[in-house]
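This report describes one protein chain for a reader who has not seen it before. Please look over the sequence and the structure below, then read on.

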Amino acid sequence: MNEFSDEEKDGLYKTIFSRRDVRSGFVKTAIPDEVLTKILNAAHHAPSVGFSQPWNFILIRSAATRSMVKASFDEERILAAGRAEEPRRSKYLSLKLEGIMDSAVNVCVTYDPTKFGPFVIGRNSIPETGVYSVCCAVQNLWLAARAESVGVGWVSILSNDTLREALGLPSHVVPVAYLCLGYVKKFSKRPDLEETGWLPRLNLEDVVYYERWEQRPDPQ
Ligand SMILES: Cc1cc2nc3c(=O)[nH]c(=O)nc-3n(C[C@H](O)[C@H](O)[C@H](O)COP(=O)(O)O)c2cc1C
C-alpha cells in the first residue's frame, strides 16, 4: 500500500530538489502570518530525540537587532578570510553569503537542553542528538518554506556570543541556526556555490559505502 499518489510524491521531490540556500534577490513583500505559521508548524513537527522538541523559534524583525547581527557577520567574514589562501580568499570575499537586512524576517532556531529534561530518551549516550533534532526542524522549515515559495538562507558566519547578547538567550540555550526568510525573485537551479565554481556536487556513488567504511562496490 502506498498512501502517496505519484503527484504527491512528485511534489515532495520537487520541493527537495528545488530548495536552495538564498542570500540575494529578496523582494520587499512581507510573509503573511498564516504562511509563516505554516512554515514554523512544519518545523515544529520534525522528529526529536525522546520527543523532547528542544527548539524555539525567535522571529526577528527589528532593524536594530538585525544590524547587530550583520555587524557580527562582517567581522566574522573577515576573520574567516584570514584562514584562506589566495586565490580562494578573494573568491570567498566576493561571495554574497547573507541576507540579514534585505530579507523579510530573520529566525533564530535555538536548542534548549533543559526542555523535558534532564532525562530524555535517546540522548544519554549521544548528547549531540539534541542539536541534531533542532537541525531536523530547520530542514523541515527550509522545505516547507520552499513549497510556499519563501526563500531561506542559513547564516553561520556569526559569533554565537553576539547572538546570545542580541537575543537575550539564557546561557544554557544554544543558537543553532540563524535564518533569513523572504519571498525572492527566483530560486536558482543549482547551489550558488556550485554556480560560482566554488565546489562541485559529488556523485551519489562516491558517497555511498557498503557494510564498512570505504567499501565499494556492494559485495552482495
Ligand atoms: C549548517 C549550515 C550553515 C550554512 N551557513 C551559511 C552561511 O553562513 N552563508 C551562506 O551563504 N550559506 C550558508 N549555508 C548554505 C550552504 O552554503 C548551502 O546549503 C550549500 O552551498 C548548498 O546549496 P543549497 O542549499 O542551495 O542546495 C549553510 C548551510 C548549512 C547547512
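## Burial and extent

Of the 220 residues in the protein, 25% are buried. The model is a predicted one, and a residue counts as buried here if 20 or more other C-beta atoms lie within 10 Å of its own.

Taken along the principal axes, the box filled by the C-alpha atoms is roughly 55 × 45 × 40 Å. Contacts can also be sorted by separation along the sequence. Among those between residues at least 6 apart, 84% join residues at least 24 apart.

## Helices and strands

The protein has eight helices and four strands. Read along the sequence, these elements follow the pattern α-α-β-α-α-β-α-β-α-β-α-α.

## The sheet

Four strands form an open sheet in the order β1-β2-β4-β3, and their pairing is antiparallel. At the edges are β1, residues 55-60, and β3, residues 150-154, each of which pairs on one side only. On average, neighbouring strands of this sheet are turned by 25° against each other, with direction ignored.

## The pairing of β3 and β4

Which strand pairs with β3 over five bridges? The partner is β4, which covers residues 174-183, and the two run in the antiparallel sense.

Conventions:
Residues are numbered from 1 along each chain as its sequence is written. This is a predicted model: local features need pLDDT of at least 70, side-chain atom pairs count only at pLDDT 80 or more; totals for chains, interfaces and linings use all residues. Two strands pair if DSSP finds at least two bridges between them. Axes are lines fitted to C-alpha atoms, for helices over the stretch in contact, and angles run from 0 to 180 degrees between N-to-C directions. A residue is buried if 20 or more other C-beta atoms lie within 10 Å of its own, exposed if 12 or fewer, and partly exposed in between; C-beta atoms are placed from the backbone. Two residues are in contact if their C-beta atoms, placed from the backbone, lie within 7 Å.
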